[in-house]
Amino acid sequence: MIEGISIYEILTLSSIVFFVGVYGFFTRENLITVLMSIELILNASALNFVIINTYLYPDFLQGAVFSIFIIAMAAAETALAIAIIINLYKLVASVEVKDTEKLKY
Amino acid sequence: METILFYILSALIVVFSIASVSSRKILRAVTYLLFVLIAISGIYFLVDYSFLGAVQLTVYGGGVIVLIIFSVLLVHHIELELEVTPIKRKIIAGLISVVGLGITLWAIYTFPFTNATNYKSIEVADIGRKLLGYGDGGFILPFEVISVLLLAVMVGAIVIAKGKKLNE
Amino acid sequence: MDFSYTILIPLIPLALFVILGIFSKKIPASISGWMGSIGLGVTFVLSYYAAYQYYLNGKVNGVYQPFIYKYNWMNFTDKLHIDMGVLIDPISVMMLVVVSTISFMVHLYSRGYMKGDDGYTRFFAYLALFSFSMFGLVLATNLFQIYIFWELVGASSFLLIGYYYTKPSAVSAAKKAFIVTRFADFGFLVGILIIGYYTGTWDFQELNNPEGSVITNWASTSFMGLSVLTWALILIFMGGAGKSAMLPFHIWLPDAMEGPTPVSALIHAATMVVAGVYLVARLFPMYYFIEDGFALQVVAYVGAISSLFAAIIALTQNDIKRVLAFSTMSQIGYMMLALGVSGYHGHDGLGFMASMFHLFTHAMFKGLLFLAAGSVIHAIHSNYLQDMGGLRKYMPITHITFLIAALSISGVPFFAGFFSKDEILTAAYENNILIYISSVFVAGLTAFYMFRLYFGIFWGKDKEYEHTPHESPMSMTIPMMFLAFMSIAGGYIHFSKYISPDHMPFEAHLNYYLAAIASTVGLIGIVLAFIFYKKENNLSERFSHAFGIFYKWTYNKFYFDEIYLFVTKKIIFGLVAKPSAWFDKNVVDASMIGIGNVTESFSYKIKGMQSGKFQDYAMGFISGGVVIAIVVFYLWIN
């Protein structure tokens, strides 16, 4: 618990980070920067877990443990995503989002 | 003191996260992201959860950022400027984000949180017991699953990144 | 006594079929012919051993006991279940002997006849399949098992008729045989289901027990003035009539002669076509006791009419195999009418015995006739009587064996056919004088058309042949000689000691008075044929001109094919099939296609919304989530 700071302020902070990440996810044109936006989103949610655990249920540790899991997942996801990006770069010599529109009809 | 520190950290986080998603130079964007992650670990330290703060610093600050920088260096020139996003897209995305933020904040501020009174700091030893506990409320199974997942991701990342050469 | 080894009799051909069928490309012709012949030789020995053992020791207190080996295959209720098994009783053992003899002889014969054919191994695989199905049919313990094998013989008959599948006529003949018998089998199946529903059992022992609940309670349910069981029996007879080429389901049999001649001998003369007779004989107590034998009367009249009808058509046909086909139909009609006039107890069972007796002798001499005809066809490569003449000089063995078979079928004394035919005539005389007169007339016709063939092929004008015809190889003549022996010796077996409806032997004596009439009629037929066809003359043409329209009708088989074609093409296709095809195409299909078209065009219109950019999709997802959140909160507040 931080003196003088209620849970509202911290949740506000994490929400802002989350939506900044969402904005970045929508607008970025480069796959690596999109990946960075995802990191922001994940961090915001990990922060939420920790804060809610500390402020509301200090007797339990679930939130703390899950934040660790989130970090592990995020690391794994990053490694995999970067592997895919590098492979894509080998194939199409680009990591721009507009070059990945093969899904289109 | 802690209050002031929190506000400083919050300001850093907000400013640098916005900078990170809007900078047109990719290496700068990565650096801004690093600042955000370090600031978030500062918040973990502030709430006396120093273990997670340390993990955040090492895994994110040390691992993920380095990984991203390497991939940037592999596929880009350092001085390369990113393409400009169409303004229309920026507006739509900004609108959705702002509305989403608004509704989230509104939900947060209308919900009456009841703060716990028996505050205590989170000990590393407790985390360890919890993670490896197989009794009531233990997390040994997810822990193992995560470890297997990490292994699989490692193998998968190697296989995918190795890929196929273009001329084959 | 243990008869469990008889299960091998069907299983050996099955194994042969599987081996020859799977490896038909790998096994060379020289081996596959021997494999088939040796396999069937084993079943031949086993069948004769079973017959020897059964007829000598199968009696308890003077009654032949059935031996049943079965296992429960499918249970419907406690009482109604389908078993698979082996039933050994006098008629099944007799059929085993017939089927294994003819099948073995045909296998031996085919080794020579089919030599050099591309599908040699395939042919033997089909023959093995047929033998397996026929043995299974004969040994069946219940109605459903017999039905399964019944369909199997139909299928193998289809395969063998269409053996020369590059010939369009063979393909259409195979189709015709299959469709006609299939249609008749539909009646059989309905009959089986009626019996299953009303009596709760399909087991022959329970159905056929004269004191059993099935027969004693026949009157309990009736439908349109007859007992339902009578209907069931008539429907079952419909199936039998289809297989046995009785009127009006006979049209497939002449066309079935498109198959190789050994097949005609095996399937379409000796074994499969008598399955209908065997079926009626199998259910004989039911036919006899239920509704005082009403269904049996139907059998008798259908048999008598078919026999007369086929004999008349046979007079005018020029394709020798077709003559033999109609002759087969006529003789099966004999067997049916003999069953139809039979009684049950003691000497009354003469008709039943005579039918089985005639089945036995007919298999021998008709099989021989076909094999001899095949030998002739093999030598001169034609089926038509006008291409033949004077062959006795070139083919002495074929000539002699054919003559023996012809004498036997014509009922000349001391040949097998004489004895069996005489028993049939006696039974008919004692029960139904109308049928008797028709049968005697048919006997004369039979002698006439058989000797018309005989004189036409072996005497008559000496033809100039492109290649001098020569006698067939040993592999073909030996089976013919064996069957010729059986065509004489078969008549001296005292069938009444072995076979009777109530399984009790009785004494049957030749009725010399009736025998004299029958043989005289037969001899008259032979003499007439001698006058007409021994030397070339125009008597037969003058005769056919004298009969004019009647001759034309007969020559065209009384236009039965045309009637069927009219019914199917004009009535069924025109009035039923066409409107339903129209409905199917313009309503059912069209609506389905319309749905597809609408979906397709709609998707073309909206496909522009798909950008392929994952961020757009994510944007849609998040904005949707935001909208839902707003709606939920709005509702939550109110």
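This is a predicted model: local features need pLDDT of at least 70, side-chain atom pairs count only at pLDDT 80 or more; totals for chains, interfaces and linings use all residues.
Good morning. A salt bridge, as the term is used in this talk, is a side-chain nitrogen of Lys or Arg within 4 Å of a carboxyl oxygen of Asp or Glu. One such pair joins E29(A) and K613(C), whose side chains meet with 3.9 Å from N to O.

I turn now to chain A as a whole. Its secondary structure consists of three helices and zero strands, and from the N terminus the order is α-α-α. Chain A has 105 residues, and 63% of them are buried. If we take the contacts in chain A between residues at least 6 apart in sequence, 62% join residues at least 24 apart. The chain exposes about 3700 Å², with 69% of that area supplied by carbon and sulfur atoms.

Next, the interface of chain A with chain B. The size of an interface is often given as the accessible area lost when the parts come together. For chain A and chain B, that buried area is about 7200 Å², and 75% of it lies on carbon and sulfur atoms. How many salt bridges are there between chain A and chain B? The count is zero.

Which elements of chain A form the side that touches chain B? The helices α1, α2 and α3 (62-92) each supply at least two residues. The most comes from α3(A), which gives 24 residues. Sorted by class, this side of chain A holds 47 nonpolar, 15 polar and nine charged residues. In total, the contact takes 71 residues from chain A and 84 residues from chain B.

Chain C is our next subject. Its secondary structure comes to 25 helices and six strands. There are 638 residues in chain C, of which 57% count as buried. Among contacts in chain C with a separation of 6 or more, 79% are between residues 24 or more positions apart. Chain C exposes about 26600 Å², and carbon and sulfur atoms supply 69% of this area.

I return to charged pairs. Side chains of opposite charge can pair when their charged atoms come close. Over all chains, a search of the whole structure finds 12 salt bridges. Besides the pair with which I began, let me show you two others.

One of them joins D616(C) and R89(B), at 2.8 Å from N to O. This pair also crosses between chains, from helix α25 of chain C, where D616(C) lies, to helix α4 (residues 87-110) of chain B, where R89(B) lies. The relative accessible area of D616(C) is 25%, so this residue is partly exposed. R89(B) has a relative accessible area of 12% and is therefore buried, since the cut-off for buried is under 20%.

Another salt bridge lies within chain C, between the side chains of K70(C) and D203(C), at 3.0 Å from N to O. K70(C) is in strand β3 (residues 67-75), and D203(C) is in the loop between α6 (168-199) and α7 (204-208), so the pair ties together parts that are 133 residues apart in sequence. K70(C) counts as partly exposed, because its relative accessibility is 40%. D203(C), by contrast, is buried, with a relative accessible area of 8%. Elsewhere, K176(C), D255(C), D319(C) and R322(C) are joined into one network by salt bridges that share partners.

Why does S100(C) count as buried? Its relative accessible area is 0%, and the cut-off for buried is under 20%. What does its side chain reach? The side chain of S100(C) reaches the backbone oxygen of V97(C) at 3.3 Å. Leaving aside residues up to four places away in sequence, S100(C) touches T43(C), F44(C), S47(C), Y48(C) and F135(C).

Thank you for your attention.

Notes
Residues are numbered from 1 along each chain as its sequence is written. Chains are lettered from A and ligands numbered from 1 in the order in which they are written. Side-chain values use heavy atoms; hydrogens and water are left out. Helices (H or I, at least four residues) and strands (E, at least two) are DSSP runs, numbered from the N terminus. Buried means under 20% relative accessible area, exposed over 50%, partly exposed in between (1.4 Å probe, protein chains only). Contact means heavy atoms within 4.5 Å. Accessible areas come from the Shrake-Rupley method with a 1.4 Å probe; for residues, only the protein chains shown count as cover. A polar contact is a pair of N or O atoms within 3.5 Å; within protein, one must be able to donate a hydrogen and the other to accept it, and residues adjacent in sequence count only if both atoms are side-chain atoms. Buried area is the accessible area (1.4 Å probe) that two parts lose on being put together, summed over both. Ala, Val, Leu, Ile, Met, Phe, Trp, Tyr, Cys and Pro count as nonpolar, Asp, Glu, Lys and Arg as charged, and the others, Gly among them, as polar.
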